[in-house]
Amino acid sequence: MTGPQSNIVHVIGAGLAGSEAAWQVAKSGVPVVLHEMRPTRMTEAHRTDGLAELVCSNSFRSDDAANNAVGLLHAEMRRLDSLIMRAADANQVPAGGALAVDRDGFSAAVTRALNDHPLIEIARGEVAGLPPAEWSNVIVATGPLTSAPLAEAIRELTDENALAFFDAIAPIVHRESIDMSVAWFQSRYDKVGPGGNGADYINCPMTKEQYDGFVAALIAGEKTEFKEWETNTPYFDGCLPIEVMAERGPETLRHGPMKPVGLTNPHDPTTKPYAIVQLRQDNKLGTLYNIVGFQTKLKYGEQQRIFRTIPGLENAEFARLGGLHRNTFLNSPKLLDGQLRLRAQPRLRFAGQMTGCEGYVESASVGLIAGLYAAADARGEMLVSPPATTALGSLLGHITGGHIETIEPGTRSFQPMNINFGLFPPLATVPTKKPDGTRLRGNEKTVAKKQALSARALADLDRWIADHLRIAAAA
């Protein structure tokens with residue numbers, strides 16, 4: 001990489017956030033070195049040396065920009081030429097109302113795009129400890145599996161312990177091993193999503209007796225033992241292991257991933273299943289399906305024994321069993337400024353899950369804005385942050401200040417957050433009438449409010465792009 005060191009942006013970590021950050025920096029005309037320690041040093045969860053490897057679900061969740069906050073974030077990222085969204089759209093697989101991807105094709109597309117960009121150098125090898133002092137513009141996007149030397153250096157620099165939680169991985173089943181004389185294809189309420197046809201999930205029905213026995217087996221099953229330093233690590237509620245949910249009450253799973261609503265068993269249409277296990281396509285060929293919501297810390301033998309009691313999965317062959325890994329994130333509202341820079345050392349900017357966002361799309365979106373901030377810095381400019389009314393702006397608000405103020409005395413812990421409409425500033429005027437002038441009633445008010453929030457967000461983002469990204473786009 002040629003050019004003065006001060007004009008080069010270094011991105012550490014080539015997961016979703018780091019890959020997106022590097023893309024945005026280079027697209028802005030600024031040279032970037034993207035550092036990835038795999039395969040020199042692997043993690044507990046990664047299997048390949050591919051960039052942007054998906055280690056948990058293959059779903060980017062809802063793609064409905066008008067009614068869902070994550071779908072809105074998809075739309076905003078597409079407007080900003082997100083590499084992650086470009087690769088996801090090009091490698092989607094059927095998933096009802098969600099945007100899910102072929103994980104190998106997705107990673108290959110991201111890797112190819114970054115390898116082919118003339119302003120991006122990919123450097124394989126671990127950055128063990130703080131980046132060298134001569135790196136004046138750095139994005140740390142090492143994610144939940146940050147290597148110990150770097151994590152410890154950050155702790156020492158901030159005099160602040162990084163918070164941590166556990167993230168669990170769902171198992172993947174070979175499609176041909178599923179008994180379709182018991183199971184059936186259907187999306188909940190026959191909803192059609194991107195690349196789907198309304199029958200995108202495989203559904204396995206359970207009677208009350210089967211469900212009760214399954215829950216009991218989950219609770220009694222042998223679990224992965226915690227190391228001493230892991231025992232006080234909490235889970236993130238958005239990704240709880242299924243056996244932890246089962247321990248919260250016998251009906252918890254029936255109101256969560258195993259809810260039976262919106263589905264009818266064509267093999268026995270007059271009998272309503274007591275609970276239903278859903279599997280979602282995991283690769284473009286349709287040969288692999290992951291068990292939705294079945295993140296687990298059960299030992300491998302127990303997983304096979306217990307999950308094969310699910311009707312239709314008696315002879316299931318597993319391409320991958322579930323697992324568990326430790327996750328880390330910063331106390332970002334205290335440690336980071338409004339441009340994601342470390343207050344103790346502003347040359348370091350953070351992105352992705354390490355900042356306290358949760359989810360693939362959220363991580364990539366924070367990488368996107370971190371890349372734009374870093375590119376502006378390299379040009380000697382200051383980029384105005386996206387409006388708080390946008391999905392991107394509201395997520396940044398949560399990360400950089402959403403939990404500072406408290407109503408009651410005492411401290412409140414900063415926790416990872418998925419994008420949701422609760423993070424958005426309220427509307428100046430809440431819709432009360434339909435386009436035809438009749439009054440909104442019941443759930444119609446909620447739907448209209450979400451649609452108004454989304455419309456405001458996209459309009460405000462378009463204005464921000466026009467006002468503040470012209471120089472970057474032209475560079």
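The model described here is predicted.

**Strand S5 and its partners**

- Strand S5 spans residues 98-101 and is covered on both faces, with Ala98 and Ala100 buried on one side and Leu99 and Val101 buried on the other.
- Strand S3 (residues 59-62) runs antiparallel to S5 and is joined to S5 by 2 bridges; serine 62 has alanine 98 of S5 as its bridge partner.
- Strand S4 (residues 92-93) also pairs with S5 in the antiparallel sense, over 2 bridges, and glutamine 92 stands opposite valine 101.
- S4 and S5 form a hairpin with 4 residues between the strands, where glycine 96 takes a positive phi near 60 degrees.

**Salt bridges**

- The whole structure holds 18 salt bridges.
- One of them joins aspartate 63 to arginine 78, with the closest N and O atoms 3.1 Å apart. Aspartate 63 sits in the loop between S3 and helix H2 (69-79), and arginine 78 sits in helix H2, 15 residues apart.
- Aspartate 63 is partly exposed at 21% relative accessibility, and arginine 78 is partly exposed at 31%.
- Aspartate 81 and arginine 86 meet in a salt bridge of 2.6 Å, N to O; aspartate 81 is partly exposed at 26%.
- Aspartate 377 forms a salt bridge with arginine 349, the closest N and O atoms being 3.0 Å apart. Aspartate 377 lies in helix H10 and arginine 349 in strand S17, so the pair ties together parts 28 residues apart in sequence.
- Arginine 349 is buried at 2% relative accessible area, whereas aspartate 377 is partly exposed at 26%.
- Glu36, Arg38 and Glu53 are linked in a salt-bridge network.

Conventions:
Residues numbered from 1 in each chain as written. Predicted model: local features only at pLDDT ≥ 70, side-chain atom pairs only at ≥ 80, totals over all residues. Heavy atoms only, no water. Buried < 20%, exposed > 50% of the residue type's maximum accessible area, 1.4 Å probe, protein only. Pairing = 2+ DSSP bridges. Salt bridge = Lys/Arg side-chain N within 4 Å of Asp/Glu carboxyl O.
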